[in-house]
Amino acid sequence: MNDDGSEQTQEMDQYLREDRMPHIWCPGCGIGSVLHCFLSALVKTDIDADKVCVVSGIGCTGRAAGYVHLDSFHTTHGRAIPFATGLKLANPELQVVVFSGDGDLVAIGGNHLIHAARRNIDMTIICVNNFNYGMTGGQLGPTTPLDARTATSPSGNYERPFNIPYLAAASGATYVARWTSMHVRRLEQTINEALLKRGFKFIEVIAPCPTVYGRMNRQPTGMDQMRYYQENSVIQHGADPKDVDIDLNGKIIVGKFIDIDLPTYSDLQLRVEQKAFGPEESKGEAVKKKAATAASKSK
Amino acid sequence: MARRGPLVGEFFMNGDIACAEGGISAGCRFFAGYPITPATEVAERMAARLPEVGGTFIQMEDELGSMAAILGASWAGVKSMTSTSGPGFSLMMENLGLGIMLETPCVVANIQRAGPSTGLPTLTGQGDMMQARWGSHGPYSIIALCPSSPQECYYLTIKAFNLSEQYRLPVLVMADEIVGHMSEKVVIPPPEDIPLTPRRQPTTPPGEYVPFPPDEDLVPPMANAGDGYRFHVTGLTHDERGYPVMTAAAQDKLVRRLIDKIEVNKADIIEIEEDGTEDADVIVCSYGISARVSQYAVELARGEGIKVGMLRLITVWPFPEERIRQLARQTKTFIVPEINSGQIVLEVERCAGGKAETLLLPHMGGSAHRPETILEAIRSAVK
């Protein structure tokens, strides 16, 4: 992953809060790689970084917001998406990225996830899935495979896990992809593509948690888990999301599953407003008015 | 259909609608909410009105999301609010705490109904007064205002926005079902006659900006997302840079300031109304719809020659401790009618400190007190 060249690394460094290093993530954890992919993807767009907002919930992945030198919000457990919804709808110029974990986005925040997807709110979700609650010491999560051992399933998990891409796609996400933290270049390309697309974009990234999940499931180092990804990942673009379940130590189907264009929440809102009030005063003008309102408050 | 701006003139409207119009007049341009009786009309009004003034309405999937969304909108630089009632207010407590920790201006209107739980959805209550003060976890201070009429729903919503910008926190408008659903005359002044408090924007350039350097009055300036300040904020205990610091010392410094910024500015925040308290033998202290019933009972008692005063709490939090202490030295009894089993009476009793007797007139909810009940209590107090 270091073949990007030093120039890009330097450029990326501007987007890191170096005064917050070292980070809290364990050796072998995959979250740092995913953050790297996000920032390198961002560098390769022409998006004004001043307009990028990173919103996280709670958990290991939730700490990502604290390490980016961008407008960033470390919110409450599960509520990153509705917080991000407020940011985006109040100022449509913002590029809103939600960077959080599987427990945060799919368990406690599951209701917000499906409704933001249904509404097709224009935002990018990067969901790091490490199959457990890492920060609290490795409890089972909504994605823990059947039979996996965790601190709250000591003899093996007997809860059926969510297949997150299927959930996101069924809820209305217009872009759904999955990679592992081993697929750094493909992941970077996917994030880059998602950032440049309008709509509700959902990227799941399978990532190692050797300290708690791996150790309980015979993959005690990050390298063990990466090797598992390498040997078991199957790239299958366009796979039907309902077929991408992950079994314990089973194969991981990765790739881009969904990429469609549908009007966003704001597009449909604008259409209704134009019908109600006539096209002479568009949402664009309303947005400008909003900006003017915001500016006048500063006077 | 034509777009209307802020309304101006005299209107016949209920408290819920007046609350929404107060938001519009205050410059609220983002509303996120979830239908709930008896607050639904606030959301319905906002759904109709915000598009007319270039704002955004969104009906969220629940009140957890509503509260989170208004915080996000506020950080985007847009004044935001939500409305709810008991069950939804309970759900909002989580992100109310985030709003306090991130020092985020916004307004929450709670049109109280009778609880606990689903209780009496269509009937009044005042049972959320202590929840307004202490409902989110951890130590903090809060501002809560109690309207007694639709006109006050309008005016106090504007005031709530101003206080939220001034002190950077969510401000609560604690109405009740009767006030929310009664229709009365509401006068809406022209926009130029409505003083609005601007957001405290940073005066430092982006490179030098730190999110929480305390100003003289303990309230830091607030940058908007997207303006190039590249700030970080977190619900974790943090330092002036907004970075997490997991120590008792950082906690002490931060939380003391969050509390002090309200406590030291109490004189600016607190609004109460007094009538005949100076030489009163007994003072009825109440708020919201209960204060209106109390006022009538006070007038009846005066007709009988009783020296009775009325103290109406418009600001309930922070509590007007000083004034209650003063009055306790010159009156014999406080009577506190409220539509719960005794919440604000605890504060009155605490401040009275044994210098005056405190008598609770509880009501479990579903209607207001009968004036005769309060009148009888006044008579008994002076016997």
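Strand S2 (residues 71-74) of chain A and S10(B) run parallel and are joined by three bridges. Helices (H or I, at least four residues) and strands (E, at least two) are DSSP runs, numbered from the N terminus, and two strands pair if DSSP finds at least two bridges between them. The model is predicted: local features need pLDDT of at least 70, side-chain atom pairs count only at pLDDT 80 or more, and totals for chains, interfaces and linings use all residues. Residues are numbered from 1 along each chain as its sequence is written, while chains are lettered from A and ligands numbered from 1 in the order in which they are written.

**Where the chains meet**

- Ser72(A) has His232(B) as its bridge partner in S10(B).
- In total, 46 residues of chain B are in contact with 42 residues of chain A (C-beta atoms, placed from the backbone, within 7 Å).
- Elements giving two or more residues to this side of chain B include helix H3 (63-75), helix H4 (86-101) and strand S10 (232-234).
- H3(B) provides the largest share of that side, nine residues.

**The sheet in chain B**

- Five strands form an open sheet in the order S11-S13-S12-S15-S16 (chain B), with mixed pairing.
- Strand S11 (272-275) and strand S16 (357-362) of chain B are the edge strands, each pairing on one side only.
- Strand S12 (residues 282-286) and strand S13 (residues 308-313) of chain B run parallel, joined by five bridges.
- Within S13(B), Leu311(B) is the bridge partner of Cys285(B).

Terms used:
Two residues are in contact if their C-beta atoms, placed from the backbone, lie within 7 Å.
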